[in-house]
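Colleague: I have a model open on my screen and I want to learn how to read it. Can we go through it feature by feature?

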Amino acid sequence: MDERFYGYKHWTVETVPRCFYVGKGLCQRPLQIGHRNHKWHAIVKRFGLHIEICVGPISNEEACAWEIAEIARSGTFSECHSHDSNDIGCNLTRGGEGVVGRRHDEETKRRIAQSSRNRRATDQARANMRNAQSNRPFV
């Protein structure tokens with residue numbers, strides 16, 4: 001059994017913290033702020049973020065079951081995508097979804113490669129990238 005998944009919760013940083021997101025993923029996923037929905041980012045900006053690793057390492061199946069149960073128990077599932085409401089739940093599904101280890105087939109790889117070859121940054125975009133890199137400290 002492949003036991004490398006973790007279950008985690010994201011909490012607000014308030015006097016009385018509130019759980020607003022329950023998730024599962026590999027070891028670094030709980031700490032990542034990218035690839036989150038717009039409501040999640042609005043809640044973090046407004047209330048702050050505390051991360052709790054709850055279970056793991058466990059199998060993907062166990063992590064999915066845990067996620068479904070915790071989303072239901074914590075009440076973080078929300079059909080409301082507005083971040084201006086009092087509903088701070090940021091789980092837009094009931095959990096247990098997502099793919100693990102998906103591989104693109106050869107045809108898809110070929111199409112992605114072809115579209116990348118035809119892409120070229122404008123002169124202005126290249127100048128912006130050059131300026132951004134020149135302002136970075138050398139490490």
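This is a predicted model: local features need pLDDT of at least 70, side-chain atom pairs count only at pLDDT 80 or more; totals for chains, interfaces and linings use all residues.

Colleague: Let us start with charges. How many salt bridges are there?

Modeller: Side chains of opposite charge can pair when their charged atoms come close. Here the count comes to 7 salt bridges.

Colleague: Which residue forms a salt bridge with glutamate 70?

Modeller: Lysine 9 does, with the closest N and O atoms 2.8 Å apart. Look at where the partners sit. Glutamate 70 is in helix 2 (residues 60-74) and lysine 9 is in strand 1 (residues 3-11), so the pair ties together parts that are 61 residues apart in sequence.

Colleague: Are glutamate 70 and lysine 9 buried or exposed?

Modeller: Both glutamate 70 and lysine 9 are buried.

Colleague: Which residue pairs with arginine 18?

Modeller: Arginine 18 forms a salt bridge with glutamate 14. Their closest N and O atoms are 2.9 Å apart. Arginine 18 has 31% relative accessibility, so it counts as partly exposed. Glutamate 14 is at 28%, and it too counts as partly exposed.

Colleague: What about lysine 109 and glutamate 106?

Modeller: Their side chains meet in a salt bridge, at 3.5 Å from N to O. Both lie in helix 3 (residues 106-117). Because they are 3 residues apart there, about one helical turn separates them. Lysine 109 is partly exposed, with a relative accessible area of 43%. Glutamate 106 counts as exposed, because its relative accessibility is 58%.

Colleague: Which residues do shared partners join into one network?

Modeller: Lys9, Glu70 and Arg73. Salt bridges with shared partners link them.

Colleague: Which elements give two or more residues to the lining of the largest pocket?

Modeller: Strand 1, strand 2 (19-25) and helix 2. Strand 2 gives the largest share of the lining, 5 residues.

Colleague: How do the lining residues divide by type?

Modeller: For the largest pocket, 11 are nonpolar, 10 polar and 6 charged.

Colleague: Next, a helix. Which residues of helix 1 are buried?

Modeller: In helix 1 (residues 38-47), they are Lys39, Trp40, Ala42, Ile43 and Phe47. Now look down the helix axis. The buried residues fall within an arc of 165 degrees, so they line one face of helix 1.

Colleague: What do the buried residues of helix 1 pack against?

Modeller: They pack against strand 1 and strand 2.

Colleague: Take one of them, phenylalanine 47. Which residues does phenylalanine 47 touch?

Modeller: First, its setting: phenylalanine 47 is found in helix 1. With a relative accessible area of 19%, it counts as buried because the cut-off is under 20%. Leaving out residues up to four places away in sequence, it touches Thr12, Val13, Glu14, Arg18 and Ile88. One of these, Glu14, is the salt-bridge partner of Arg18.

Colleague: How far apart are phenylalanine 47 and cysteine 90?

Modeller: They are 43 residues apart in sequence and 13 Å apart in space, C-alpha to C-alpha.

Colleague: On to the backbone. What should I look for?

Modeller: Most residues other than glycine have a negative phi, and most peptide bonds are trans. Look for departures from that pattern.

Colleague: Which peptide bond is cis?

Modeller: The bond from glycine 56 to proline 57 is cis, with omega near 0 degrees. Proline 57 is in strand 3 (residues 50-59).

Colleague: And what is the phi of histidine 35?

Modeller: Near 60 degrees, a positive value in a residue other than glycine. Histidine 35 sits in the loop between strand 2 and helix 1. At 77% relative accessibility, histidine 35 counts as exposed.

Colleague: One last residue. Is alanine 63 buried or exposed?

Modeller: Alanine 63 counts as buried, at 0% relative accessibility. This residue is found in helix 2. Neighbours within four places in sequence aside, alanine 63 is in contact with Phe5, Lys24 and Ile58.

Colleague: How far is alanine 63 from glycine 48?

Modeller: Their C-alpha atoms are separated by 25 Å, and the two are 15 residues apart along the chain.

Methods: Residues are numbered from 1 along each chain as its sequence is written. Side-chain values use heavy atoms; hydrogens and water are left out. A salt bridge is a side-chain nitrogen of Lys or Arg within 4 Å of a carboxyl oxygen of Asp or Glu. Helices (H or I, at least four residues) and strands (E, at least two) are DSSP runs, numbered from the N terminus. Buried means under 20% relative accessible area, exposed over 50%, partly exposed in between (1.4 Å probe, protein chains only). Ala, Val, Leu, Ile, Met, Phe, Trp, Tyr, Cys and Pro count as nonpolar, Asp, Glu, Lys and Arg as charged, and the others, Gly among them, as polar. The arc is that of the directions from the helix axis to the C-beta atoms. Contact means heavy atoms within 4.5 Å.
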